Amino acid sequence: MSDTTQERAGPVVGDPVIEVRDLEVSFSGRTSLLGGLMKKKAAVATAVDGVDLTLHEGEVLALAGESGCGKTTTARAIMGLIRPNGGQISFRGKPLGRKLQSYRRVVQMVFQDPTASLNPRQTIYESVAEGLRIHKIHEGPNGEGEEELVARALSRAGLRPPERFYLLYPHELSGGQRQRVVIAGALVLDPRVIVADEPVSNLDASVRGEILQLLLGLRDSLQLSILIVTHDLGLAWTVADRVAVMYLGRIVEIGPAEEVLLRPRHPYTKALLDVVPEAGGIDRPILQGEPPDPTRVPRGCRFHPRCPVVASGEAATLGIDGKCRGEDLGLEELSPGHLAACYEASLRRGPVTPLLPEPSASETPRQVDP
Amino acid sequence: MSVLSVGDLHVTYRTKGGDVPAVRGVSFDIDKGHVLGLAGESGCGKSTIAGAILRLHSPKTKIEGNVIIDGQDVLSLKPGRLRAVRWTGASIIFQGALHALNPVRRVGDQIVEAITVHKLAGEREARVRTAELLEEVGLPARRIDDYPHELSGGQKQRVMIAMALACNPSLVIADEPTTALDVMVQAQVLQLLKSLQRELGLAMLFITHDLSVLVEVADRIAIMYAGQIIEEGPAEHVFHDPAHPYTKALAGAFPAIGDARFRGKPAGLGGDPPDPQHVPSGCPFHPRCPEAIAVCPTLDVELWTAGEDRRAACVHVSGAPVLSESRE
């Protein structure tokens, strides 16, 4: 498993804000009435299984993967919205206890659908002020009143002049403006961390850029840390300092965005990058099969049933086939700050050229430790 | 001859709040074996066009212009003839396979019905054909007796594709066929659609908000804004070298990974898509346009030549009339 020093290499300079260690979340499924009577056990879905993640000050970290890979569950556990079955989450070095109220103030969430996030019967002012009232904040650090705090949050979120929006209702705003109101609602509490779950995927394409610009601007002006959950690697390329790719409840690759997206090491990351549309790309080979079932986690490397390295026989040639199919594995650092959980990638530790099509002769494969 | 020819199409919804002109003069042709991609944001009128081609709108909706499928003017057809054109002349694949399939009927029966209703085959023959169709779209033939809930999202969309092909149409309209699907499954379904389209020589109208998808499947791309086509040309050129400022912004929302221009710099446009009831004067894009000049709010734009085999409705393209007062 990785440790903090390894993850911190790369472009990131700030101190860790949130540290997640060995996070585990599982959901038990429902049985049918008949199954219940017959004492059948409900299948347990392992949504997150041993995730380590560190978010640094002023960092934008993208958590990517297919639906069902556990990325949203990880984000919700970090928010304290789901109680994990195991592992630990710390904020500035202190493990979270049972009381989360002050933590919930400094870690704010922005959801995918701004229309669903806002109460349609509340004015924009009420929506933004609600957080202050819940946290019983009557004045800001410099004695500002509620209205001043709301006005500042709205204008920081790009809704200027703020007074113009106070008495409007969500239906009177466009999708992009609504997402700005949601962001203002987060900013009013002066958070240190924003967890954004697919923050632009419900917005029109031309509006997305502005919301992303806003988030990046807040990172720069307020030194916020941002965790973005996304299925879109193009978005990760645009905004993220580091990218973590999840598959079936585990992080399978993590590192600086340039490393992970231009020099991917894990076959699953490569497969995800292969399906990013490009001209003339329609005939390329793509990974077949559906997203895996989290109630039936395969033995060995979780990706092996779909892995092209295993299927092509390359793994057998390399002599790692048995390990791929039978031995579970963790992340290993392959180049500074760039970690992947793949036996084949571990054989090719060290620097590689971007999107290497095949192993070059200059590289000498090294034996991995048993 | 084109399989589909749309000429000066206007579609106006009649609502309590007044008339909403959703499509305002759109023309295009699609030849056999060709794919036209129609892209734009929500509310630009792209799905309204799909509905107008097969006359799926309520009778209250005002439709003007020409829609010719295989030589037949769809807008003047009698209901009986129209029913024959639907599914046999042109079929449609909708976005939500979840909602388009009947949840209480076996998927095979739903395809068989499409074939028998059009009297293309008897019950038994239609079943054989259905099994073949399912295999063609990459599903095992035994899935014929499954109910929709027994299939995954991607499999349901494959069933929808099989159904769309059941009556051998010459035109397939795909309205956001992969939008609700996961990235990997989306790529699989796109690949399937494209290979079937090539194999069967289909004409296809592919509607999506995702411009990057079109660069893979479409031969030509038309970009819509406020009910009109504002740029049109070969897919790759429109995506990689857009002429219209709006297309530039749209293409910027789908950055190429590795392109240093987008790293840390999300491209975006100010403002929001216009309300179809209050479309701005002149060029409808001018209030949001970063390249707007003095003449734009009053200039009636049309698709002018914008390089070889390309057209765009922008005063800055080479084919736009030279306006002395605008070149200050």
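**Exercise 1.** State in which order the eight strands of the open sheet in chain A stand, and explain why one side of β6 and of β11 is left without a neighbour.

Solution. The order in this open sheet of chain A is β6-β7-β8-β3-β9-β10-β12-β11, with mixed pairing. Strands are DSSP runs of E with at least two residues, helices are runs of H or I with at least four, and both are numbered from the N terminus. Two strands pair if DSSP finds at least two bridges between them. β6 (107–110) and β11 (332–335) of chain A are at the edges and have a single partner strand each, so one side of each lacks a neighbour in the sheet.

The structure is a predicted model, in which local features need pLDDT of at least 70 and side-chain atom pairs count only at pLDDT 80 or more, while totals for chains, interfaces and linings use all residues. Residues are numbered from 1 along each chain as its sequence is written, and chains are lettered from A and ligands numbered from 1 in the order in which they are written.

**Exercise 2.** Find how many bridges join β3 to β9 in chain A.

Solution. Strand β3 (residues 60–64) and strand β9 (residues 242–247) of chain A run parallel and are joined by four bridges. Within this pair, L63(A) lies opposite A244(A) of β9(A).
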